[in-house]
Amino acid sequence: MEDEQSFSDICGGRLALQRRYYSPSCREFCISCPRLSLRSLTAVTCTVWLAAYGLFTLCENSIILSAAIFITLLGLLGYLHFVKIDQETLLIIDSLGIQMTSSYASGKESTTFIEMGKVKDVIINEGIYMQKVIYYLCILLKDPVEPHGISQVVPVFQPVGCHLA
């Protein structure tokens, strides 16, 4: 069974939540956001290159143009590979564990698995972002030394910032 709902992030961008139920003990939640907008990418690139061209006309140094192109391309590749997440998936198998997968715009995927025996609790935490209070899902991991303690707090979905959406 599968259903899909639309929500908005803290900046007003669209998010889609898909829920899949494979069995009573296996569920998957998938959050996806729109792909990188070519319009916003072009606007940022043109702004940087026009600023570099303005500096070039003042200084008459071609290194400024070359550096602007090089830095813009490296920044874009870094953004696509490490920052821009297109989709996040949470797979929960009751007796086994929780698998979290993040798919980046460059095609890179990052997967984390947490054994169910290490999970102490799942909570909804709150944080302050700009002038808003936001709520996010976290997993509390048991401390192996102290049975009533918490060793780590793991956010389930990465915070969505107002980037080049």
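## Close-up views of salt bridges and a buried glutamine

Five salt bridges are found in the structure, which is a predicted model.

**View A. Arg20 and Glu2 form a salt bridge.** Here the side chains come together with an N to O distance of 3.4 Å. The pair connects distant parts of the chain, since Arg20 sits in strand E2 and Glu2 in strand E1 (residues 2-8), 18 residues apart. Glu2 is partly exposed, with a relative accessibility of 48%. Look for Glu28 too: Glu2, Arg20 and Glu28 are joined in a network of salt bridges.

**View B. Gln18 makes a polar contact with Glu4.** The two side chains are joined at 3.1 Å. Gln18 belongs to strand E2 (residues 14-23). Its relative accessible area is 18%, so Gln18 is buried. Leaving aside residues up to four places away in sequence, Gln18 touches Glu2, Asp3, Glu4, Glu28, Phe29 and Cys30.

**View C. Arg27 and Asp94 form a salt bridge.** Their side chains meet at 3.1 Å, N to O. Because Arg27 lies in strand E3 (residues 26-32) and Asp94 in the loop between strand E4 (85-93) and strand E5 (97-104), the pair ties together parts that are 67 residues apart in sequence. Asp94 has a relative accessibility of 34% and is therefore partly exposed.

**View D. Asp86 and Lys84 form a salt bridge.** The closest N and O atoms of this pair are 3.6 Å apart. Both Asp86 and Lys84 are buried.

Conventions
Residues numbered from 1 in each chain as written. Predicted model: local features only at pLDDT ≥ 70, side-chain atom pairs only at ≥ 80, totals over all residues. Heavy atoms only, no water. Helix = DSSP H or I, 4+ residues; strand = E, 2+ residues; numbered from the N terminus. Buried < 20%, exposed > 50% of the residue type's maximum accessible area, 1.4 Å probe, protein only. Polar contact = N/O pair within 3.5 Å; in protein donor to acceptor, adjacent residues only side chain to side chain. Contact = heavy atoms within 4.5 Å. Salt bridge = Lys/Arg side-chain N within 4 Å of Asp/Glu carboxyl O.
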